[in-house]
Amino acid sequence: MLLAVFADIHANRQAFDACLKAARAKGAERIILLGDYVGYGADPEWTVDAVMGLVEEGAIAVRGNHDNAIGVASETMNAVAQAAIEWTRGRLSALQRRFLADLPLAVEDEDRLYVHSEASSPARWRYVQTTSDAARSIAATSARVTFCGHIHAPALYSMSSAAKMTSFVPTTDVAVQLFVQLLAGRRWLAVIGSVGQPRDGDPAACFATFDTSSGEITYCRVPYDVETAANRIRENGLPRWLADRLLAGR
Amino acid sequence: MANPSRGKPSIQSGEEIDGFVIGERVHRGGMATLWSVTHPGIATPLLMKIPVVSEGEDPAAIVSFEMEQMILPRISGPHVPRCFGTGDFARQPYVVIERLPGQTLYARLGDLPLGYEEAGSIAGKIAAALADLHRQNVIHHDIKPSSIMFRETGEAVLIDFGLSHHNQLPDLLQEEFRVPFGTAPYMAPERLLGVRDDPRSDIFSLGVLLYFFTTGVRPFGESETLRGMRRRLWRDPYPPRQLRADYPPWLQEIVLRCLEIEPVWRYPTASQLAFELAHPDQIKLTARSERVRRDSLATVLRRRFNRGVSLPKPKSDLAAQLASGPIVAVALDTAEASGALNEALRVTAERILATLPSARLACVNVLKLGRITIDRTLDEQGYNKHVDRLVALRHWASPFKLDESRLSVHVLEAIDPAAAIVEFAAINHVDHIIIGARQNSTRRTLLGSVSAKVVAEATCTITVVRPPRLAIARDQEKRRDERVSR
């Protein structure tokens, strides 16, 4: 089965729409959503509706820290993120807020784990930035492959049977549809990169596909209409920096 | 190294794995065993390679096998063994490759030194194989006589990818082990510093092989200790002419250039090395070809204790600076099928921009209008098409990381694409148009080529780009496969 995995959509309608289209064109049979549907972007209502619709059709979705912050006022965030959350909260219906609050923090699916931040302590929203962060997450789960988001840049970690770690940054060149066979003798942590706010210097949206029979993960980059997404942020009076960073992919 | 007697044989003759019937064992090495196998659906003679894995063994055998398992299925062409299947550690780890006739180049060690012509011809074949491998994003990292075989048609075939680096795959060896893995006499100096992503390391190893095959002596000895190997970071080998008075200057030029300590002084590509080996009469001889002694002790000591001192930068002048700021227009087709061509265009544009630090880049696409529907209304579909193309152009240009002031994107709407591009160039004082030419297009035959018309009519410099042959072949293969799978 071909899975399409999306992380950190952040209410970016143009990016999510482009990624969904690309995933369907690749023949994705199941959608996995790794959280942070809202925050930063200007189209939270549309995005949450889209996620609710996908879940109804069988998609798996977990909760991210921004989704969590909609319901929990005490969530610690920087000022810009907090401002975006306050704005978003007012836009969402009670039904949408309830949907986000009820999402699970992690879902196990055969030998795979889906979680927003990492597996060792999903509610603490830790960032996986080093091989030791990745090792801690892999050690905390029995899943062979963990899929996560949260850091907005793609990365791929593996742990060998001797507990040695490797790290790898998938190339961001769109001409290269980069695929890696997740060898069965290792355990893997795949950080997907962000649909709605990439921060690795490439403004194109990220998602990944995973073929459960061949074990191949493909990192995809999708160009989308960044200008419109940025304009929507400006038009809605959200912090301008959130629009600027979309254009720069930073 | 693994002790083969300790590893239990994991398979037996006559057994069947994934349809492959196991025959006799043909080789037993420290890292792997090789078995001849057959498959009812495959006529090619086959070999199954099984890693030696038992408790307490060096994990290098496992990791090397994992690298081969990832790399072998991705590479193709006459210079690598064809891969017919892989099996995972979850069940029985193996790779099945075509069984090549004959022996490795190791069998020739008794005949050394070889004649200059013959050694040069062998090295030329290996360089061609390396060029093909490097084009496929792989650095071999273990070039030595026992990694090289030849097809009956003459091409060199590189085998054993357990230490290789693939530019688009995790490098399990780099991350997992701190000491460099490889064969000590052939290892490039930068490998000792942990560098695994420079294809010129393979050129160095080929230089060692060529030196050895023409002199009978290994240029850096056979020391296996890290200390002994590190000497090559500052100590140059004896020039071959010191060992053999009749050593041809052209060959010494080639060998010593391959063995340069700094990768930047070696041949930039294996193709260029292959070209030189094929045209010895056209080689530009430098002081290298005349050398009869190693570098002086003072030079060696300077190298040893001044590592990391950078080379002087070339100074710029005003005229060059002016010439470095032209307007370059790239005409792009954004259609899905033009991937290889657009990649080739990008490579060309990148080269041009790299030499011109203040050039401006204009990316141009023509939205072709029908002759009948000139009164196109700005319906939603038309508007989206326009926006999609602007997005695609901007995305195409994004890897250049150009400052916004140096980049612009343009979608021209026109009935005649060539005329639109020519007009755009004239109006915008474009200095240089880069445009792609399609291969074997029926549309070109029927309607005439856009690039040909632009070349004929525009008044500035024009570069017509075609995708490299390999990419065309791969695209055609892909299209053929798609047709089959439909």
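Here are a few questions and answers on this predicted model.

Residues are numbered from 1 along each chain as its sequence is written, and chains are lettered from A in the order in which they are written. In this predicted model, local features need pLDDT of at least 70 and side-chain atom pairs count only at pLDDT 80 or more, while totals for chains, interfaces and linings use all residues.

Q: What makes S4(A) an edge strand of its sheet?
A: The open sheet of six strands in chain A has the order S4-S5-S6-S10-S7-S8, with mixed pairing. Strands here are DSSP E runs of at least two residues, numbered from the N terminus. S4 (106-109) of chain A has a single partner strand, so one side is left without a neighbour in the sheet; S8 (165-168) of chain A stands at an edge likewise.

Q: How do you know that S4(A) and S5(A) pair?
A: Pairing takes at least two bridges found by DSSP. Four bridges join S4(A) to S5 (residues 112-115) of chain A, and the two run antiparallel, so they count as paired. In S5(A), Leu113(A) is the bridge partner of Glu108(A).

Q: Which residues make the contact of H14(B) with H16(B)?
A: Contact means C-beta atoms, placed from the backbone, within 7 Å. Pro417(B), Ala418(B), Ile421(B) and Val422(B) of H14(B) meet Val450(B), Lys453(B), Val454(B) and Glu457(B) of H16(B).

Q: How many residues does each chain bring to the contact between chains A and B?
A: Chain A brings 26 residues and chain B 22 residues, by that contact rule. S8(A) gives the most to the chain A side, with four residues.

Notes. Two residues are in contact if their C-beta atoms, placed from the backbone, lie within 7 Å.
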